[in-house]
Amino acid sequence: RPSILDQLGLMAAIRTTIENVSRHSNINFSLKVVGAERRLCKDLELDLFRMAQECINNVKEHSNGRSCQVYLCFEEDIVNLMVVDDGTGFRVPKRLGDLPSNGKLGLAGIQERVNAFNGKLSIECKRGQGTVVSIHAPAPSDPS
């Protein structure tokens with residue numbers, strides 16, 4: 001568990017990941033936060049961070065894109081994480097449950113995390129036009 005997540009929160013942890021990955025790629029990454037950032041329960045913050053990290057690394061390793069935008073949207077009892085790239089895309093299986101058999105183990109791990117907190121994952125992709133990974137998480141504020 002990264003200490004920055006505990007000390008500064010989800011946005012700072014994602015921003016640090018973006019800065020680190022940007023140093024080792026030619027991709028222009030950006031982070032946009034919509035709504036009032038707030039602390040979430042520790043497990044959900046960790047899951048959202050790990051999923052963002054996986055998506056960002058996938059963009060770096062596989063997209064062949066030039067830009068990637070990461071959106072973190074805070075609503076009253078919901079947080080949406082969206083990662084959008086302009087890369088080459090890939091074929092998304094008809095059922096997300098087929099991700100592992102299609103060799104998409106990182107995305108399969110994201111699906112497992114999303115299922116664990118009763119969220120929703122969607123992946124939209126058009127060959128040559130990029131990929132959009134959206135994670136919708138029920139997120140009541142951290143009571144502590």
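Predicted model: local features only at pLDDT ≥ 70, side-chain atom pairs only at ≥ 80, totals over all residues.
Residues are numbered from 1 along each chain as its sequence is written, and side-chain values use heavy atoms, with hydrogens and water left out.

Trainee: How many salt bridges does the count come to?

Mentor: Side chains of opposite charge can pair when their charged atoms come close. The rule here asks for a side-chain nitrogen of Lys or Arg within 4 Å of a carboxyl oxygen of Asp or Glu. One of the pairs is Arg 1 with Asp 6, at 2.7 Å from N to O. By this rule, the count is 5.

Trainee: Take the salt bridge of Glu 45 and Arg 39. Is Glu 45 buried or exposed?

Mentor: Those two side chains meet at 2.8 Å, N to O. Buried means under 20% relative accessible area, exposed over 50%, and partly exposed in between (1.4 Å probe, protein chains only). Arg 39 has 33%, so Arg 39 is partly exposed. Glu 45 has a relative accessible area of 0%, so the word for Glu 45 is buried.

Trainee: Which residue forms a salt bridge with Asp 86, and where is that partner?

Mentor: The closest N and O atoms of this pair are 4.0 Å apart, and the partner is Arg 66. The pair links distant parts of the chain, 20 residues apart, with Asp 86 in the loop between strand 3 (78–85) and helix 4 (105–116). Helices (H or I, at least four residues) and strands (E, at least two) are DSSP runs, numbered from the N terminus. Arg 66 sits in the loop between helix 3 (42–63) and strand 2 (67–74).

Trainee: Which residues is Phe 29 in contact with, leaving aside its neighbours within four places in sequence?

Mentor: Start with its place: Phe 29 is in strand 1 (residues 28–34). Its relative accessible area is 9%, so Phe 29 is buried. Contact means heavy atoms within 4.5 Å. With those neighbours left aside, the list for Phe 29 is Ile 18, Val 21, Ser 22, Ile 56, Val 59 and Cys 68.

Trainee: Is helix 3 roughly parallel or antiparallel to helix 4?

Mentor: Two packed helices are described by the angle between their axes and the distance between the axes. The axes are lines fitted to C-alpha atoms, for helices over the stretch in contact, with angles from 0 to 180 degrees between N-to-C directions. For helix 3 and helix 4, the axes come within 10 Å and cross at roughly 160°. Angles over 145 degrees count as roughly antiparallel (under 35 as roughly parallel, 65 to 115 as roughly perpendicular, the rest as oblique), so helix 3 is to helix 4 roughly antiparallel.

Trainee: What is the phi of Asn 64, and what is the phi of Asn 118?

Mentor: Asn 64 lies in the loop between helix 3 and strand 2, and its relative accessible area of 64% makes it exposed. Asn 118 lies in the loop between helix 4 and strand 4 (120–126), and at 66% relative accessibility Asn 118 counts as exposed too. Neither is a glycine, yet phi is positive in Asn 64, at about 60°, and in Asn 118, at about 55°.
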